[in-house]
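This report describes the strands, helices and local backbone features of one protein model. Please keep the sequence and the structure at hand while reading.

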Amino acid sequence: MEEITKVAVDAMGGDNAPVEIIKGAVEAINENSKIKVYLTGKRDVIEKELAQYTCNQSQIEVVNATEVIEMAEPPVMAIRKKKDSSIVVALNLVKQGTCDAFVSAGSSGAVLVGGQLIVGRIRGIERAPLAPLIPTETGCSLLIDCGANVDARSSHLVQFAKMGSVYMESVMGIKNPKVAIVNIGAEEEKGNALVKETFPLLKNCPEINFIGSIEARDIPTGYADVIVCEAFAGNIILKLYEGVGATLIKKVKAGMMTSLRSKIGALLVKPALKQTLKAFNLEEYGGAPLLGLNGLVVKTHGSSKAIEIKNSILQCVTFKEQGINKKIREKVILKDE
């Protein structure tokens, strides 16, 4: 009998909720019979939207939640006061063991705070980093941390490097992934106090394949598989990545429409160009997992469309099948003790 991965999905979170969230959930279960989705939110709203789709009813369940945490609400207060919100109800499903994972496009702060307060960190993990996959020339790299810990310590970054290595090897199939720390130069003596303190710790860490510093310009080349930094720098890198990528795609498309000759050329290269641009679309990689928790918490963009929700749900299957949390305990915690 095949094992089912159960995923709690916040149906009310995000700019395009509940329409795109529910559409993505339906597409995920239609693509993979080993998934069951628990949609949390206002039952009448969810059921009305679900009625438009055809899917295996045994793979989807609606869990009523009467409240919604808005983007502008203070995260800690919202998690504590709105006990019946779609985010809190879904996170409790993971805490109770009903679900293996949680996916949300809702309030980033609420998801990060709720993940740590409700689901809880694996014993021995100092901080839980947010770790999205970003496209590169050679495939993709893991950016860790990109938003959860803006004031990290060197010991946190070492754990991030170890968890990132486990993820890339187990989920992405990259053997002995290359780990680098974000810096303003390649030389070991460069960097701020945090980087200077962390560099020798990573260099002398036998559990990872540390290759030194990486400058921001080298990230898109795929020079490293795991890119380690504290969340302040990581979030800037991620947002710039998204902005430059979107601008370049827009410029390329506009340039191809400037003349009759360019339009003819565009028709000829369209199939190859479409495939290339698809590889640099962050939606194709799903959401960012919050690593180091007792269950999987995945945060997707607030503007997520169905494709990103679907891919985020599908990545939960690999996470469970590969036993990422068990490997983090074995390779990060036990070796530190």
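Which residue in β4 is the bridge partner of V9? The partner is V103. The model in which this pair is found is a predicted one.

| Helix pair | Angle | Axis separation |
|---|---|---|
| α1 and α10 (residues 306-321) | about 45 degrees | 7 Å |
| α1 and α2 (residues 43-50) | about 55 degrees | 10 Å |

The angle of about 45 degrees between α1 and α10 makes α1 oblique to α10. The angle of about 55 degrees between α1 and α2 makes α1 oblique to α2 as well. What is the handedness of the crossing of α1 and α2? That crossing is right-handed, and α1 also passes α10 in a right-handed crossing.

The residues in contact can be listed for each pair. Towards α10, helix α1 presents E20, I21, K23, G24, A25, E27, A28 and E31, which meet A306, I309, K310, I313 and L314. The contact between α1 and α2 is made by V19, I22 and V26 on the α1 side and by I46, E49 and L50 on the α2 side.

Leaving aside residues up to four places away in sequence, E20 touches S304, K305, A306 and I309. For E20 and A306, the C-alpha atoms are 4.7 Å apart in space, while the two residues are 286 residues apart in sequence.

**The five-stranded sheet**

A further open sheet has five strands in the order β5-β6-β9-β7-β8, and its pairing is mixed. Its edge strands are β5 (133-136) and β8 (209-214); each has a single partner strand, so one side of each is left without a neighbour in the sheet. From one strand to the next, the twist averages 30 degrees. Within this sheet, β6 and β9 (residues 226-228) run parallel and are joined by three bridges. I144 stands opposite V228 in β9. Helix α8, residues 231-255, lies across β5, β6 and β7 and runs at about 50 degrees to β5.

**Helix α6**

How many of the 17 residues of α6 are buried? The number is 15, so α6 is largely enclosed by the rest of the structure. The length of this helix, residues 154-170, can be checked as well: at 1.5 Å a residue, its 17 residues should span 24 Å, and the end C-alpha atoms are 25 Å apart, which agrees.

**Backbone features in the loops**

Most peptide bonds are trans, and most residues other than glycine have a negative phi. The following places depart from that pattern. The bond joining A17 and P18 is a cis peptide bond, with omega about -5 degrees; P18 is in the loop between β1 and α1. Another cis peptide bond joins I144 and D145, with omega about 20 degrees. D145 is placed in the loop between β6 (139-144) and α6.

Where is N176 placed? N176 is in the loop between α6 and β7 (178-182). Its phi is near 50 degrees, a positive value in a residue other than glycine. N176 has a relative accessible area of 52% and is therefore exposed, since exposed means over 50%.

Note on methods
Residues numbered from 1 in each chain as written. Predicted model: local features only at pLDDT ≥ 70, side-chain atom pairs only at ≥ 80, totals over all residues. Heavy atoms only, no water. Pairing = 2+ DSSP bridges. Helix = DSSP H or I, 4+ residues; strand = E, 2+ residues; numbered from the N terminus. Expected span 1.5 Å × (residues − 1). Buried < 20%, exposed > 50% of the residue type's maximum accessible area, 1.4 Å probe, protein only. Axes fitted to C-alpha atoms, helices over the stretch in contact; angles between N-to-C directions. Parallel < 35°, antiparallel > 145°, perpendicular 65-115°, else oblique. Left-handed = near helix turned anticlockwise from the far one by under 90°. Contact = heavy atoms within 4.5 Å.
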